[in-house]
Structure formats: structure tokens, C-alpha cells
Amino acid sequence: MSGASGAAPRGFFARLFRRREYLQHPELGRLELIVGAGNTGHWIQDNDDDDGVLASFETVGNAPPTAAQVAFLRRIVGDPALILDDVQAVIAPAYAQYFGEPLPRAWPLSMRLCAVGVPLDADPANPWDLSLESEQGAIFNVGFRNGTAVIDAIDD
């Protein structure tokens with residue numbers, strides 16, 4: 001059947017009903033592959049720890065995360081201060097609008113890094129993101145586009 005008749009393309013069903021693909025990574029543990037548009041993939045770290053940081057790695061096809069991507073993740077998680085200035089520039093106005101009060105001066109102590117999306121080739125010029133959870137439970141999703149931080153969304 002053709003797409004013109006209103007039937008869904010076969011590729012859609014192949015992706016919808018495909019078997020899940022997992023990888024046991026020597027440093028990251030169990031990863032699950034989420035296939036994106038074109039030839040992109042995202043390996044999602046299977047993290048059952050509520051206090052841990054959820055990590056995803058953008059790759060080409062089903063290639064595993066590279067050593068450079070693992071190092072990128074370790075740098076961000078190990079020393080979030082590396083990106084605090086960039087993040088504060090977009091978090092402060094979003095926080096004030098969302099909560100109706102200014103961002104606390106000690107905001108890095110009151111927000112928890114909860115997710116990092118590692119860019120393709122570990123290149124910070126490629127799109128990547130992170131999420132910070134406030135003490136009140138709101139999650140601020142910050143994207144980086146061409147090295148510039150932007151608020152992607154705020155989730156309750």
C-alpha cells in the first residue's frame with residue numbers, strides 16, 4: 001500500500017515494533033538504544049538510582065558512546081561549576097518568571113544536576129543539553145546550541 005492511501009509507511013511499523021537494543025558498556029553499565037531520525041541514535045544509560053544523573057549519548061547509527069563522550073560526561077558531572085556561568089544566565093530569568101521570585105544567590109546548592117545529553121563527538125559546538133531539578137521539584141531543561149545556553153523547557 002502506498003503512503004497516499006493513508007496507510008503508515010512500513011518503516012514506521014518496523015521502528016515501532018523492533019526489538020529493544022541494549023549494550024553493556026564497560027564504564028557506563030547498561031545502555032538502551034533509542035533510534036532517531038535519519039541515521040542518529042541515542043544511547044540512554046539505564047540508571048535506577050534516584051540520586052544519579054541520567055545520561056544519554058548522541059551517536060551515528062548504533063555506534064557505542066566514544067571515550068571522548070564518556071570523558072565529556074565525567075567532566076560535567078564531576079565539576080558542574082564548568083558550566084554554571086552559562087547556565088545561570090538563562091536559569092535566573094526563567095526561575096524568576098516560573099516561581100515569581102529571584103533565583104537564590106546559592107542556587108547551585110539548591111538545584112541538582114539530574115540529566116546530561118552528551119553531544120555527538122563530545123563536541124560542545126554540537127547540540128547538547130542538561131537538566132537541573134530545583135528544591136521545589138521543577139526541572140529546568142537547558143539546551144546548548146552552538147555553545148550558547150537556552151531554556152528548552154521547565155517541567156513540573
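Modeller: Start with the bend at a residue: the angle between axes fitted to the seven residues ending there and the seven starting there. Helices (H or I, at least four residues) and strands (E, at least two) are DSSP runs, numbered from the N terminus. This is a predicted model, where local features need pLDDT of at least 70, side-chain atom pairs count only at pLDDT 80 or more, and totals for chains, interfaces and linings use all residues. Residues are numbered from 1 along each chain as its sequence is written, and side-chain values use heavy atoms, with hydrogens and water left out.

Colleague: Where does helix α3 have its kink?

Modeller: At Ile 91, shortly before Pro 93; the kink is about 30°.

Colleague: What makes Ala 122 buried?

Modeller: Buried means under 20% relative accessible area, exposed over 50%, partly exposed in between (1.4 Å probe, protein chains only). Ala 122 has 12%, so the word buried applies. Its phi is positive, near 55°.

Colleague: Why is Asn 146 called exposed?

Modeller: Its relative accessible area is 69%, so Asn 146 passes the cut-off of over 50%. Asn 146 lies in the loop between β7 and β8.

Colleague: How do you know that the span of helix α2 agrees with expectation?

Modeller: The expected span is 1.5 Å times one less than the number of residues. For the 12 residues of α2 that gives 16 Å, and the end C-alpha atoms are 16 Å apart, so the two agree.

Colleague: Why do you say the buried residues of α2 line one face?

Modeller: The arc is that of the directions from the helix axis to the C-beta atoms. The buried residues of α2 fall within 155°, so they line one face. Among them are Phe 72 and Ile 76.
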